[in-house]
Amino acid sequence: MFLKIRKRVLLCAFAPLPLAVICDNEDEALAPLVYNDVVITLSEGPDFSTNDTLWISGTVSSLVFDEAIQDSIRNPNERITTIFSVLQLQNSSNISNTTEAISEFDIVTRRGGYDFLGVCPESELIAMAPLTQNGDRYTFEIGLVPRTTGDFVLSWLEPVVLSNPDLNFEILEKYPLEENTNTLGLTKCGITSTRDNVSGARREYFFSVTDQRSTQYMGKVGGRNLQIGFLYAIR
């Protein structure tokens, strides 16, 4: 379908005037296709260790709505892509509270593939979702394995549906931007953009990574209080 449209554009560009007018009328008759938002499901957080994998799964129907015929048709593409940013939270510099962080993770896959956005390889990850065997939807599953500790955020460029009920906005509250705890300063490729009302937009997922942490267990042995400290990896 996209190839046919491209051929039509080239034909019209070099056509004589009468044919160009016909092409203009035909283009006006073309109605847009309405695509469904990708549904994203992430490993429950907010805490992970450097031994864990944060899985990011995406799925979307292969049907799109054609407004010209007022009906659903099959998306002709063999795969679709969705782009998201991998950033580390940091203390505010007045205009930003994030920094690029793709290099802080190893990337693994169970389904689909990935690539890096050429202009922003340190912050933008392209998830590529192929068609399922029966052709009814596109799916991908990508894992991030942390190399270091800290607080991080995954941020989607286009509208998506993040299905996790808790996106861990309390982590962002530790990094206020100009005293606002619901604003994200996205720094990518040396350029910073601001996203207000982060909790309302629901296009970000926050999580923390630690090596391990200690906890205390209180019990009694022989009638005496006993405090035992132990270390455990966060799953």
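Visitor: Which side chain makes a polar contact with the side chain of N75?

Guide: Good place to start! This is a predicted model, and in it the side chain of N77 is a polar partner of the N75 side chain, at 2.9 Å.

Visitor: Where is N75 placed?

Guide: Look between two strands: N75 lies in the loop that joins β6 (71-74) to β7 (79-89).

Visitor: Is N75 buried or exposed?

Guide: Buried means under 20% relative accessible area. N75 has 5% relative accessibility, so N75 counts as buried. If we set aside neighbours within four places in sequence, N75 is in contact with Y35, S62, V64, I80 and Y138.

Visitor: Now for the sheets. How do strands of a sheet pair?

Guide: Strands in a sheet are joined by backbone hydrogen bonds, in a parallel or an antiparallel way. Here, three strands make an open sheet with antiparallel pairing, in the order β1-β5-β6. Its edge strands, β1 (33-34) and β6, each pair on one side only.

Visitor: Over how many bridges do β5 and β6 pair?

Guide: Four bridges, with strand β5 (residues 63-66) and β6 antiparallel.

Visitor: Which strands form the open sheet with mixed pairing?

Guide: Five strands do, in the order β9-β12-β4-β2-β14. The edges are β9 (105-111) and β14 (161-162), each pairing on one side only. β9 pairs with strand β12 (residues 137-146) in the antiparallel sense over six bridges. You can trace one from I107, whose bridge partner in β12 is L144.

Key: Residues are numbered from 1 along each chain as its sequence is written. This is a predicted model: local features need pLDDT of at least 70, side-chain atom pairs count only at pLDDT 80 or more; totals for chains, interfaces and linings use all residues. Side-chain values use heavy atoms; hydrogens and water are left out. Buried means under 20% relative accessible area, exposed over 50%, partly exposed in between (1.4 Å probe, protein chains only). A polar contact is a pair of N or O atoms within 3.5 Å; within protein, one must be able to donate a hydrogen and the other to accept it, and residues adjacent in sequence count only if both atoms are side-chain atoms. Contact means heavy atoms within 4.5 Å. Two strands pair if DSSP finds at least two bridges between them.
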